[in-house]
Amino acid sequence: MAEYTTQLVVIAGGPAGLCAAVQAAENGAEVILIEKNAAVGGAANMGMGPLAIGTSYQKRQMYDITVEKALNMIMEYTHYNIDGRLVKRYFDQSAETIEWLEDMGVEFEGAYKYFTKSEPTWHIVKTDQGIGPRAASFMNKALFARAEELGVRFLLETAGRKILKDAEGKVCGVVAADKDGKEIEIACKAAIIATGGAGANPELIKAETGYTFNKDMFNFAIPGNVGDGIKMAWEAGVDHVPVRIEQAANFEGIDDLPMSVPNIMMQPNLLVNLHGKRVMDEEQMQNTTFLSNAASHQKHRVLFSIVDSSIVKYYMRNGVDEISMVRFNPDVSDFVDGVKMAQTNGNTGLFIADSLEELADLTGIDAENLVETVEEYNDFCDSTDEEFFKRKKYLRPLVKAPFYAAAIRPGGYGTVGGIRINENCEACDSEFEPIPGLYAAGADACNIYDDSYMFLLPGNSMGFAVNTGRIAGMEAADYIAED
Ligand SMILES: Cc1cc2nc3c(=O)[nH]c(=O)nc-3n(C[C@H](O)[C@H](O)[C@H](O)COP(=O)(O)OP(=O)(O)OC[C@H]3O[C@@H](n4cnc5c(N)ncnc54)[C@H](O)[C@@H]3O)c2cc1C
């Protein structure tokens, strides 16, 4: 068995683990980081940037977002069903974290909203190709380089398996396995768990949330995130708090479609369930967490976004109502060809029909109700939305064939939560007592949204990862120094 000795083992190299390793090394600790994959960055390599509050970007852009406002928002959103001290420490540190990242060469485009009603807390990382998905991989590269510069030792393709404790209950080692399954033991004084949650573990998702993977839950978690860290922590005596889905509505084949298709089908037009009934003010669709939750309360957990050809033409002439930073190109000119191409390529979630009855037949929506709903909705467009009070500017009648529909289902970026931590990111038992030398950060320990991800403060999960990573790194370095 290979053996190593160090002061701190960081288990995983996503943004939480990378920030933990860099911060601990900056604070004087000797660090080994073990990462299951051949490369670091985790799910954040697909994302765009972290939350921060009170940054120079927000000040320059004259945005009125403060820690006080954000804290009140999240506490009310979660009905105070979270640890306010942890959130306060995270939010308080978040602006300085942006400067800390900039000092190691990360650049930011600025502070952005995710959708109109959200706050501009999302700090999108600058890339060499403009704004777009995977921007945060540039942040991860800078963190990796800084960690190497500080002497952090990386063991890639090495998966953490078990936390070892001594007779006094203090962390004294980590058992891991290399890519051939050979066991490695690393003696240490402290360990930080940051394995990114269990988004790719259907059994754990079923047990913790009730959702059935790829049946009524379609998420885009990276394959290695199967809950290893959460299970290691529970086995080491850490309190089991609920694992939740970080909800984001799923639109079939979104990565393979021309952007024009989601650009139009995610606009706040008519949204109905299989009964042919509306379920919400469609303006709220922009909050993908709300949309995912709304879908999960309907028959077969599906909703259909519907437009007609006059709405499509309107968007082609005037542009869409709501722009998304994720779908960075708002162009819709190839919408019709895009839908047809997707269907030819086997997409089963997009529909074109020459009448509402035919659309009902293709989608399985109740035909009589659909026709009635559209008639009523069209009347609302001439007056006001008496059913769900959608604002007038989003009310566009569906009158002209062909009609287009897209199925929308519950989905998620992965899971959040599972490991109880306090505001120092110490992993705690069911008595809320820290397990000496054990810390957790990032998605594994992200218990701050109650049951639904808080997209109103966008960048919140990567923000939590980088900031709790730093907190865990600081606290672990202090613990090691005091020992
Ligand atoms: C498509 C997409 C876009 C996103 N965009 C954003 C965004 O713009 N802003 C935002 O706030 N959030 C975003 N998120 C969410 C964000 O990426 C995560 O919240 C964040 O990456 C969590 O960081 P983490 O370090 O906890 O976990 P991860 O980034 O998931 O990293 C976990 C790491 O743990 C490793 N690992 C797993 N098991 C082991 C083991 N046993 N031993 C060693 N290593 C292990 C994995 O290989 C991985 O590298 C996005 C997510 C996705 C999927």
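Student: Into which domains is the protein divided, and where do their bounds lie?

Tutor: A caution first. This is a predicted model, where local features need pLDDT of at least 70, side-chain atom pairs count only at pLDDT 80 or more, and totals for chains, interfaces and linings use all residues. Residues are numbered from 1 along each chain as its sequence is written.

The protein is divided into domain 1 (2–246 + 415–482) and domain 2 (250–409); such bounds come from an automatic or database domain assignment. Their C-alpha centres lie 35 Å apart.

Now the ligand. The shell around the ligand holds 38 residues, and the closest are G14, G42, G47, G196 and G442. Near means a C-beta atom, placed from the backbone, within 6 Å of the molecule. By class the shell has 17 nonpolar, 18 polar and three charged residues. Ala, Val, Leu, Ile, Met, Phe, Trp, Tyr, Cys and Pro count as nonpolar, Asp, Glu, Lys and Arg as charged, and the others, Gly among them, as polar.

Elements supplying at least two shell residues each include helix 1 (15–26), strand 3 (31–35) and helix 14 (460–482). Helices (H or I, at least four residues) and strands (E, at least two) are DSSP runs, numbered from the N terminus. Helix 14 gives the largest share, five residues.

Helix 14 also meets helix 4 (residues 84–103): their axes come within 9 Å and cross at roughly 95°. Axes are lines fitted to C-alpha atoms, for helices over the stretch in contact, with angles from 0 to 180 degrees between N-to-C directions. The two helices are therefore roughly perpendicular, a label for 65 to 115 degrees.

Technical notes:
Parallel < 35°, antiparallel > 145°, perpendicular 65-115°, else oblique.
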